[in-house]
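Biologist: Could you walk me through this model? I would like to go from the overall fold to a few individual residues.

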Amino acid sequence: MKTDAAKSILRISKPNKDEFSKLWKQYQPFIIEDVATHWDACKNWSNNYLKEHCGDNIIPIQGRDKNFLDNYKKFASSEGFYNIKEMRFSKYIDYIEDKVNGNKNNYDLEFYLSEGLFEERFPEIIEDVTYPAYINRKPLIQFWYGCSSKNYTATTPLHFDGMHNLFVQIRGRKKILLFPPSNYLSFYPPIEDSMGYLHHSQVLPHLLDLELFPKFPWQERIEIILLPGEIIYIPAYWWHHVTAVDENISLSFFYDFKIPDLFIQKNFLSTVLNVTPHYFYHAISSKGTLLNLLNQIKNMFLSQSYTENLRQRMLNKK
Ligand SMILES: O=C(O)CCC(=O)C(=O)O
């Protein structure tokens, strides 16, 4: 099987709303250049600036076992692979700087700021960001800040989100592997695990393993390096795996999808129809999660906002 050639991705410079909308309907990822490049965030967010403006803020940090990457199954399983700690932002920046400079620290965990709600946790620097005006809905904005993956923390395992995502690279580079949402089960979600995260895959997509994962669509891989100032549109239900190449900061703008999107975006409806029965099956066969499923359906289809729900969950998570 030929797996070395990754597929390519469309790049577009400063699209207007109509141009964006045309591409969006294709239900394919694409990169937007020359928009975020002009944000103050891209120009100003040095560690000193961040410390000065919001260093005292308390932020939630993922604490990860030092060898969490060795056990691929943990990513998707109910065991989870991290717990949340609260920390002063300036202390976290010191942690990052120590990692970058190769200094030892006294922590027995690795950290990744991946649960940071931007507007709620960093109100002092909101003005440095010009919200993209392409999708006319209120976004949930997630702030990601971590080391390069050679320092072992900033990797996000293969998963999809049930939301549109405009993912903006502010500082450093990120490597993103994308897979179109074909047959759900060929992504090996933890369907047998009653508490497993069904939008996660058990596959490490950068390590070809045909024996364990013969049905995985290895050859469908799109691989990109996202540079500072670039935005990638990741459609809802597209699988993605993200690794930090350098110490880096990114923002995800997540938007709810609405029922009409299912009919406007090519193949979106068939994707959701392919996934949903497995969620049903999982809920029915695993005690205790039916209520979660009903909540999920309510959020997805009965107009209550999925992003609002996620916002509340992230705010309550400790
Ligand atoms: O930057 C990351 O580590 C992960 C980003 C991601 O998965 C997302 O925005 O959905």
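Modeller: Happy to. The largest nonpolar core has 64 residues, and Tyr 92, Leu 113, Val 168 and Ile 231 are those with the most contacts inside it. Please keep in mind that this is a predicted model.

Biologist: How many helices and strands does the chain have?

Modeller: The chain has 318 residues, of which 36% count as buried. Contacts with a separation of 6 or more come, for 80% of them, from residues 24 or more positions apart. The secondary structure comes to 10 helices and 13 strands.

Biologist: Which residues does Leu 113 touch, leaving aside those up to four places away in sequence?

Modeller: Leu 113 is one of the residues with the most contacts inside the largest nonpolar core. Another residue of that group, Tyr 92, is among those touched by Leu 113.

Biologist: Which strands each supply at least two residues of the shell around the ligand?

Modeller: The residues around the ligand are Ser 114, Trp 144, Ala 154, Thr 156, Asp 161, Asn 165, Phe 167, Lys 174, His 240, Val 242, Ser 250 and Ser 252. By class, that shell has 4 nonpolar, 6 polar and 2 charged residues. The strands that each supply at least two of its residues are E8 (164-171), E12 (239-244) and E13 (248-255).

Biologist: How far apart are the end C-alpha atoms of helix H5?

Modeller: Helix H5 covers residues 89-100, which is 12 residues. At 1.5 Å a residue they should span 16 Å.

Biologist: Why do the buried residues of H5 lie on the same side of the helix?

Modeller: The buried residues in H5 are Phe 89, Tyr 92, Tyr 95, Ile 96 and Lys 99. They are on the same side of H5 because they cover an arc of only 110 degrees around the axis. As a rule, an α-helix has 3.6 residues a turn, so residues three or four places apart point the same way. The value to remember for H5 is the arc, 110 degrees.

Biologist: What is the phi of Tyr 27?

Modeller: Tyr 27 is in the loop between helix H1 (17-25) and strand E2 (30-33). Tyr 27 counts as buried because 20 other C-beta atoms lie within 10 Å. Most residues other than glycine have a negative phi. Tyr 27 is not a glycine, yet its phi is positive, at about 60 degrees.

Biologist: Is Tyr 188 buried or partly exposed?

Modeller: Tyr 188 sits in the loop between strand E9 (174-179) and E10. Its phi is positive too, near 55 degrees, in a residue other than glycine. The cut-off for buried is 20 or more other C-beta atoms within 10 Å. Tyr 188 has 19 such neighbours, so the class is partly exposed.

Biologist: How far apart are the C-alpha atoms of Phe 213 and Tyr 188?

Modeller: Phe 213 also has its place in the loop between E9 and E10, and counts as buried with 20 C-beta neighbours inside 10 Å. Beyond residues up to four places away in sequence, Phe 213 touches Tyr 188 and Val 203. Phe 213 and Tyr 188 are 25 residues apart along the chain, but their C-alpha atoms are separated by 7.6 Å.

Biologist: What is the C-alpha to C-alpha distance between Lys 175 and Ile 225?

Modeller: Lys 175 is in strand E9 and is partly exposed, with 16 other C-beta atoms within 10 Å. Not counting residues up to four places away in sequence, Lys 175 touches Ile 225, Thr 243 and Val 245. Lys 175 and Ile 225 are 50 residues apart in sequence, and the distance in space is 4.5 Å.

Biologist: Which residues does Phe 122 touch, again not counting those up to four places away in sequence?

Modeller: Phe 122 lies in the loop between helix H6 (118-121) and strand E6 (140-146). With 20 C-beta neighbours inside 10 Å, Phe 122 counts as buried. Its C-alpha atom is 9.0 Å from that of Phe 143, 21 residues away in sequence. The residues touched by Phe 122 are Cys 54, Asn 57 and Phe 143.

Methods. Residues numbered from 1 in each chain as written. Predicted model: local features only at pLDDT ≥ 70, side-chain atom pairs only at ≥ 80, totals over all residues. Near = placed C-beta within 6 Å. Helix = DSSP H or I, 4+ residues; strand = E, 2+ residues; numbered from the N terminus. Nonpolar A, V, L, I, M, F, W, Y, C, P; charged D, E, K, R; others polar. Core = buried A, V, L, I, M, F, W, Y, C linked by C-beta atoms within 7 Å. Buried ≥ 20, exposed ≤ 12 C-beta atoms within 10 Å, placed from the backbone. Contact = placed C-beta atoms within 7 Å. Expected span 1.5 Å × (residues − 1). Arc of directions from axis to C-beta.
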